[in-house]
Amino acid sequence: MSVALNNSAPVTHRLGDEWLMAYAAGALSEGQSLLVASHLSFLGDAPARLATAEAAGGALIDDLAPDLMAPDALAQTLARLDMAEPAVASAARPATGEDPLPVPLRDWLGRGVDELKWGFLGPGMKKVKLWRGGPNDQRLWMLRAQPGVKIPKHGHRGTELVLVLKGSFSDPHGGFRPGDVEESDGARMHALDIDEGEECICLALTEGPIRFESWIARAIQPFIGL
């Protein structure tokens, strides 16, 4: 099923404006930028939201007290212009074809979802690691789970963002469908139920290793690498 069909339902769990402002300012890590750009691909009003975020950021800068420039400020600026463009420079590009990957993610990967090297994560689940870096040991990876799979209760050591690309899941905090993002902090523990009907594919950004509640999940954690 294509993203366009999956996206027939409205996105009900959106990232907050603080994420868009940081994205517009280029203040996010590569993994964070990729997830935000992928989320924006599901939103018809993404250009307007980005414009608002940029305007808000500009207003904040206008309110800052003037400061003296460093003697080499011009040289530093020119050096930055020569640096490579970030991996994700734009957003709000529509998905194409039957592949559920949004265009920013597919462009970054250079391949489709079935061409990735999926590894075993657990019964009915696969994972693929995409990127690791940034502050707080950020990890960008994808989950592919069969309908009806139950993911054990777990938490995180920092922020977790989960963007649904295909299918859906539910947890105590609501139901999440394509385009929705669930944001959790280090204090939240939750178990996920993959909904019936079709497989669920998610893009996840986590900070540090996952904290599983059950000893069985903790026992196999060294082998799954998350």
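**Exercises on a sheet, its helices and a core**

Helix H3 (residues 30–40) lies across strand S2 (125–133), strand S3 (138–145), S5, S8 and strand S10 (200–207), running at about 145° to S10. Helices (H or I, at least four residues) and strands (E, at least two) are DSSP runs numbered from the N terminus; axes are lines fitted to C-alpha atoms, for helices over the stretch in contact, with angles from 0 to 180 degrees between N-to-C directions, and contact means heavy atoms within 4.5 Å.

The model is predicted, so that local features need pLDDT of at least 70 and side-chain atom pairs count only at pLDDT 80 or more, while totals for chains, interfaces and linings use all residues. Residues are numbered from 1 along each chain as its sequence is written, and side-chain values use heavy atoms, with hydrogens and water left out.

**Exercise 1.** Work out in which order the strands of the open sheet stand, and which strands stand at the edges.

*Solution.* Begin with the order, in which 6 strands follow one another as S1-S2-S3-S10-S5-S8 with antiparallel pairing; two strands pair if DSSP finds at least two bridges between them. Next look at the edges, where S1 (119–122) and S8 (181–184) each have a single partner strand, so one side of each is left without a neighbour in the sheet. The twist from one strand to the next averages 30°. Finally, take S5 (residues 160–166), which is joined to S8 by 4 bridges, with leucine 163 opposite valine 181.

**Exercise 2.** Find which residues of helix H2 are buried, and how they are placed around the axis.

*Solution.* In H2 (residues 17–24) the buried residues are Trp19, Leu20, Ala22 and Tyr23, where buried means under 20% relative accessible area, exposed over 50% and partly exposed in between (1.4 Å probe, protein chains only). They cover an arc of only 165° around the axis, and therefore lie on the same side of H2; the arc is that of the directions from the helix axis to the C-beta atoms.

**Exercise 3.** Identify the residues of the largest nonpolar core that touch the most other members.

*Solution.* A nonpolar core is a set of buried Ala, Val, Leu, Ile, Met, Phe, Trp, Tyr and Cys residues joined through side-chain atoms within 4.5 Å. Of its 35 residues, Leu40, Leu105, Leu130, Met142, Leu165 and Leu203 touch the most other members. The largest share, 5 residues, comes from H3. Leucine 105 touches Leu34, Ser38, Leu130, Met142, Leu165 and Leu203, not counting residues up to four places away in sequence.
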